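Here is a short report on how the inside of one protein model is packed. Look over the sequence and structure first.

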Amino acid sequence: MSADTTNAGVVEVTDVTFAAEVEGAQGLVLVDFGAAWCGPCRMMDPAVKQIAGDYAGRVKVAKVDTDANLQVSTRFNIRSLPTFLIFRDGKVVDQVIGAVPRQAIENKLAALL
């Protein structure tokens, strides 16, 4: 599967595309690790899409389905869903675990911009 853009500029990434799409990206990348069966993940979807729109051109927003992409999920020790990792120039610089108000994620992004 190639990196497909879903609505509002959220890029779906996989085990295969993660290195190029996230670790190879310059600047900030917010990665949403979740799963289709995860209620809190679905609850966060609208906020993630809003962040992608509001921060377009400043922050890349990516989504990883943890069930379908076990290599990346294991590599970053994803144990709770949703988990949001923030990368800068390919390196993890911050994280948010669980369903949180959108502002909590935006505060972290703003501090890193």
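How many residues does the largest nonpolar core have, and which have the most contacts inside it? The core has 17 residues. Those with the most contacts inside it are Leu 30, Ile 51, Val 59, Val 61, Phe 84, Ile 105 and Leu 109. A nonpolar core is a set of buried Ala, Val, Leu, Ile, Met, Phe, Trp, Tyr and Cys residues joined through side-chain atoms within 4.5 Å. Buried means under 20% relative accessible area, exposed over 50%, partly exposed in between (1.4 Å probe, protein chains only).

This is a predicted model: local features need pLDDT of at least 70, side-chain atom pairs count only at pLDDT 80 or more, and totals for chains, interfaces and linings use all residues. Residues are numbered from 1 along each chain as its sequence is written, and side-chain values use heavy atoms, without hydrogens and water.

H2 gives the most, with five residues. Helices (H or I, at least four residues) and strands (E, at least two) are DSSP runs, numbered from the N terminus. A second, separate core has 15 residues, including Val 11, Val 22, Ala 25 and Ile 78.

**The aromatic cluster**

The structure holds four aromatic pairs. Rings of Phe, Tyr and Trp (its six-membered ring) pair if their centres lie within 6.5 Å; planes under 30 degrees apart count as stacked, over 60 as edge-to-face and the rest as tilted. Two of the pairs involve Phe 18.

| Pair | Centres | Planes | Type |
|---|---|---|---|
| Phe 18 and Phe 76 | 5.4 Å | 45° | tilted |
| Phe 18 and Phe 87 | 5.8 Å | 70° | edge-to-face |

Phe 18 lies in helix H1 (residues 18-23) and Phe 76 in the loop between helix H3 (70-75) and S4, so their pair ties together parts 58 residues apart in sequence. Phe 87 sits in strand S4, 69 residues from Phe 18. Both Phe 18 and Phe 87 are buried. Ring pairs link Phe 18, Phe 33, Phe 76 and Phe 87 into a cluster.

**A buried lysine**

Is Lys 63 buried or exposed? Lys 63 is buried, with a relative accessible area of 18%. This residue lies in strand S3. The side chains of Lys 63 and Asp 32 are joined by a polar contact of 2.8 Å. A polar contact is a pair of N or O atoms within 3.5 Å; within protein, one must be able to donate a hydrogen and the other to accept it, and residues adjacent in sequence count only if both atoms are side-chain atoms.
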